[in-house]
Amino acid sequence: MAHTSNTISLCLLIVQLFFMLPAKTNAKIPAIIVFGDSSVDSGNNNHIQTIARSNFMPYGRDFAGGRPTGRFSNGRITTDFISEAAGLKQIVPAYLDPAYNMSDFAVGVSFASAGTGYDNATADVLGVIPLWKQVEYYKEYQKKLRAYLGDTKANEVISEALYATSLGTNDFLENYYTMPQRRSQYTIDQFQTFLVGIAKNFVTNLYNLGARKISLGGLPPMGCMPLERTRNMGNGNECMESYNLVAVNFNEKLNGLVMELNKELPYIQVVLSNPYEPMLQMIKNPSSYGFEVASIACCATGLFEMGYACDRFNLFTCKDANKYIFWDAFHPTERTDRIIADHVVKTALSKFLA
């Protein structure tokens, strides 16, 4: 009988300690929930049929344990750093990764898929997870969260969590400027308005599902990606200013949407996390940030390679990614992402994380 009593006491103690854990982390938010593209995909594409993958070396070579995870980086990505800054875990796991379960996902989860965009047609290009499907996964996640935490605790997590989104670049570079369908339907300005309409519906859907703290990610200076500079041979491989202008215009439209949503939806807090200016400053003045190379990437020749073209056997890959702003021809290095995350944590996200 004494043995049974001790066992019950021990179980009660473990339960008490479990519920005390969040308080001990000093977390500013209970969870970070992520939607988007390769900028925030932590490995979902490893588990679908697509060529848009990075679960092989040298990707992940600077990640803990030196292992590829499916992040399009040499290490961690922005949302990992935001999670850490919020007092949560150091990484945000991919929802489709069977190595993780609800104890992990309850404090951080990514539904993002490399190659996707606001437009369903963008996801179709490489057969990746469209935004609507990411929302369906989130609904499934909510059910699992309620079963795991109970309704009251789960509802608290849902309403207090930070919802971080990052997408849009592929809608322009992979879709509008590459495939003929949308160009035949829309001018570039009309296409931006079309995407902003999708973004509004997306945020409204999240709001109706209980989300209240939402960060919309702005576009980076996409004309300065090594891939676009390589294509700009006629102008000495400088940044494609026309693409940068599109990014600026789209970010302005997103900012207008943020103000509109904050007026229309009671108790919502939407912010624009805009990487454009800090990224452009790094590219213009790399040495001020401790970088040596801004125009080409670390992986392979650094001119056009990403994904499978960026493989472990390429002799051109740089030795020290910390000297480079870009890891592959499309994606920043871990160090760049850390600087961007630090910027948005101190600016747009400060109201949630202070």
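Y141 is in contact (heavy atoms within 4.5 Å) with I33, Y95, M102, F105, A106, V109 and F111, leaving aside its neighbours within four places in sequence. Y141 is also among the residues with the most contacts inside the largest nonpolar core, together with F35 and Y163. Please keep in mind that this is a predicted model, where local features need pLDDT of at least 70 and side-chain atom pairs count only at pLDDT 80 or more, while totals for chains, interfaces and linings use all residues. Residues are numbered from 1 along each chain as its sequence is written, and side-chain values use heavy atoms, with hydrogens and water left out.

**Nonpolar cores**

- The largest nonpolar core has 74 residues; such a core is a set of buried Ala, Val, Leu, Ile, Met, Phe, Trp, Tyr and Cys residues joined through side-chain atoms within 4.5 Å.
- Here, buried means under 20% relative accessible area, exposed means over 50%, and partly exposed is in between (1.4 Å probe, protein chains only).
- Another core, of 20 residues, lies apart from the largest one, and V34, V40, A86 and V271 are among its members.

**The cavity**

- The model has one cavity of 30 Å³ or more. A cavity is a set of points on a 1 Å grid over the protein atoms alone where a 1.4 Å probe fits but cannot get out, and its lining residues have an atom within 4 Å of a point.
- The volume of the largest cavity is about 490 Å³, taken as the space filled by probe spheres set on the points, with grid points joined across faces, edges and corners.
- Lining the largest cavity are 32 residues, of which S39, T78, S166, G218 and P275 are the closest to its centre.
- At least two lining residues come from each of α2 (78–85), β3 (162–166), α7 (169–176), β4 (213–217) and α13 (334–346). These helices (H or I, at least four residues) and strands (E, at least two) are DSSP runs, numbered from the N terminus.
- The lining is made up of 16 nonpolar, 14 polar and two charged residues. In this count Ala, Val, Leu, Ile, Met, Phe, Trp, Tyr, Cys and Pro are nonpolar, Asp, Glu, Lys and Arg are charged, and the others, Gly among them, are polar.

**Disulfides**

- The whole structure holds three disulfides, each a pair of cysteine sulfur atoms within 2.5 Å.
- Counting bonded cysteines along the chain, the pattern is 1-2, 3-6, 4-5.
- The sulfur atoms of C224 and C239 are 2.1 Å apart, and with 115 degrees about the S-S bond this link is right-handed. C224 sits in the loop between β4 and α10 (226–231) and C239 in the loop between α10 and α11 (241–264), 15 residues apart.
- C298 is joined to C318, S to S 2.0 Å. This disulfide is left-handed, because the torsion about its S-S bond is about -95 degrees. Both cysteines lie in the loop between α12 (276–284) and α13, so the pair ties together parts that are 20 residues apart in sequence.
- C299 is joined to C310, S to S 1.8 Å, and with 100 degrees about the S-S bond the link is right-handed. These two cysteines also lie in the loop between α12 and α13, so parts 11 residues apart in sequence are tied together.
- C299 is buried at 0% relative accessible area, and C310 is buried at 0% as well.

Note on methods: On a 1 Å grid over the protein atoms alone, a cavity is a set of points where a 1.4 Å probe fits but cannot get out, and a pocket is an open set with protein on both sides within 12 Å along at least five of seven lines; lining residues have an atom within 4 Å of a point.
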